[in-house]
Amino acid sequence: MATRASMRSNKGRDTKPELALRRAVHALGLRYRVCYRPLKSVRRTADLVFTKAKIAVFLDGCFWHGCPEHHTVAVTNATFWAEKVRRTRERDAETDRLLAEAGWLTIRVWEHEQPVVSAVRIADVVASRRAAL
């Protein structure tokens, strides 16, 4: 029961790292869609989407997406969790490929990255992409 309660408490959106990144991007004057599907035909939701510039930003959690710096191996049910992270990384790669094929640019940010630094990187990409339109 405790595991189930723990898993149910994991938020799908509006996490602390996500809110910090959104605040930092917004402070730079950028406006975006939140928790939005860039491609309606694909069941994948980006954390920030710049529709006209066709940029999708994903904020990846270190545990769930297998961060090379901070990912920790689960002690309990290690095989299950290793497989789950492997599948998540495969899905991330497939998402990036599908978006690229449709003319979208994907930006991936790790949850441990500084929000302000990530926001500046996002703003630079958005500005250059908008200039090319």
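Is Cys35 buried, exposed or partly exposed, and what is its relative accessible area? In this predicted model, Cys35 is partly exposed, with a relative accessible area of 32%. Cys62, by contrast, counts as buried, at 6% relative accessibility.

The disulfide count for the model comes to 0. Cys35 takes part in no disulfide, and the nearest cysteine sulfur, that of Cys62, lies 19 Å away. Cys62 is likewise in no disulfide; for this residue the nearest cysteine sulfur belongs to Cys67, at 3.8 Å.

The strands of the model form an open sheet of 4 strands in the order S1-S2-S3-S4, with mixed pairing. Strand S1 (33-36) and strand S4 (105-110) are the edge strands, each pairing on one side only. From one strand to the next, the twist averages 30°. Within the sheet, strand S2 (residues 46-50) and strand S3 (residues 55-60) are paired in the antiparallel sense over 3 bridges. In this pairing, Leu48 is placed opposite Val57 of S3.

Two helices are described in relation to these strands. Helix H2 (residues 16-27) packs on the sheet and touches S1, S2 and S3; the direction of H2 makes about 15° with that of S2. Helix H4 (residues 78-101) lies across S3 and S4, and runs at about 150° to S4.

Key. Residues numbered from 1 in each chain as written. Predicted model: local features only at pLDDT ≥ 70, side-chain atom pairs only at ≥ 80, totals over all residues. Heavy atoms only, no water. Pairing = 2+ DSSP bridges. Axes fitted to C-alpha atoms, helices over the stretch in contact; angles between N-to-C directions. Contact = heavy atoms within 4.5 Å. Disulfide = S-S within 2.5 Å. Buried < 20%, exposed > 50% of the residue type's maximum accessible area, 1.4 Å probe, protein only.
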